[in-house]
Amino acid sequence: MPRLAYLGPEGTFTEEALRLLDPAAERLPCANVPAALNAARSGEADGAVVPLENSIEGAITTTLDEFAWGEPLLITAELLLPVEFSLLARPGTEIAHIKRVYTHPAAITQCRAFVSRELPGAVVVAAPSTAAAAQEVSLPGSPYDAAIAARIAGEHYGLVELASRVGDRSDTVTRFVRVSRPCALPEPTGSDRTTLVVFLADDHPGALLAMLTEFSVRGVNLTRIESRPTGDGIGRYFFHFDFEGHVADARVGEAIAGLHRICGEVRFLGSYPRADGVAPVIKRGTADTEFAEAADWLERIRAGRV
């Protein structure tokens, strides 16, 4: 039975994602994303489940930076989890009496319209996680009247649901990934995603274009690109890439090798099955068989067999 670390305490959306990714796993709640990833790195856990991006908020920058600067980890699986927030309170609480609400900053942003409409006089305070908010509200003498969190958090901490689906968008989704220490990669499925962190060798005109060209000329479709500051001064960035395909695919392998030739550092974060099951469209000239035929043709040319 694997032991997986996750962003805790019990009742977070991350715990829900972990349960779906590996129902049999032993769960290790951690205080924050870096702590969960470090538990995987140290061997305290066999892996970790962390959020990577949200359809409203965008990238989870703490996760991106941990992947870039921490000891190497590999993504082995992903999950797309619909996010539904509930207004939770101690039994006997009425919405009209709620003056202080506790929740995670992401939930504050995603539930702004509900709070403005239904709790116009309430003060909303940021919490470390939605589950931590629910846990705090459940305590006797808590200064908070309600929490905005996942329904599972209310079940964990004995809170009642005063309102469900309080998010401003009904189609909000968070992408979670399971990571482990470097290991054998998942086998290609034909519907895969690969993730990299790429550092420029030097800043010059066309540097980003040169990186993108390595993907474009081989028909590799990007599904996400993020820039993050290196910390070395204003205007210094590194890049996160998600793209279709598996490193075992010829077009993907050649694109990564091309980046390795022109960039300062390329950190491979894994090739793994896509949660949505979408298969890439293979452009003419970029299938594995066509790369192999071209390589054979080149060898014949070099051998003088024209």
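L88 stands opposite A147 in β9. L88 belongs to β6, and its side chain is buried there (under 20% relative accessible area, with exposed over 50% and partly exposed in between; 1.4 Å probe, protein chains only). This is a predicted model, where local features need pLDDT of at least 70, side-chain atom pairs count only at pLDDT 80 or more, and totals for chains, interfaces and linings use all residues. Residues are numbered from 1 along each chain as its sequence is written, and side-chain values use heavy atoms, without hydrogens and water.

**Strand β6**
- Helices (H or I, at least four residues) and strands (E, at least two) are DSSP runs, numbered from the N terminus.
- β6 and β9 pair in the antiparallel sense over four bridges; pairing requires at least two bridges found by DSSP.
- β6 also pairs with β10 (residues 160–163), in the antiparallel sense over three bridges.
- L87 has A163 as its bridge partner in β10.
- S86 and L88 point one way from β6, while L87 and A89 point the other way.
- In a regular strand, side chains alternate between the two faces of the sheet.

**Nonpolar cores**
- A nonpolar core is a set of buried Ala, Val, Leu, Ile, Met, Phe, Trp, Tyr and Cys residues joined through side-chain atoms within 4.5 Å.
- The largest one has 28 residues, and F13, F85, L87, F114, L119, I148 and V166 touch the most other members.
- Elements giving two or more residues to this core include β1 (3–7), β5 (74–82) and α5 (112–118).
- The largest share of this core, three residues, comes from α1.
- Apart from this core lies another, of 25 residues, among them C30, V33, V177 and L269.
- F114 touches L87, L119, A163, V166 and D168, not counting residues up to four places away in sequence; contact means heavy atoms within 4.5 Å.

**R274**
- R274 is found in the loop between β15 (265–273) and α10 (288–302).
- R274 counts as buried because its relative accessibility is 12%.
- Leaving aside neighbours within four places in sequence, R274 contacts E78, S191, D192, R193, T223 and E244.

**Helices α8 and α9**
- The axes of α8 (residues 207–216) and α9 (residues 250–262) come within 8 Å and cross at roughly 160°.
- α8 and α9 are therefore roughly antiparallel to each other, a label for angles over 145 degrees, with under 35 roughly parallel, 65 to 115 roughly perpendicular and the rest oblique.
- The contact is made by A210, M211, E214 and F215 of α8 and A255, G258, L259, R261 and I262 of α9.

Conventions:
Axes are lines fitted to C-alpha atoms, for helices over the stretch in contact, and angles run from 0 to 180 degrees between N-to-C directions.
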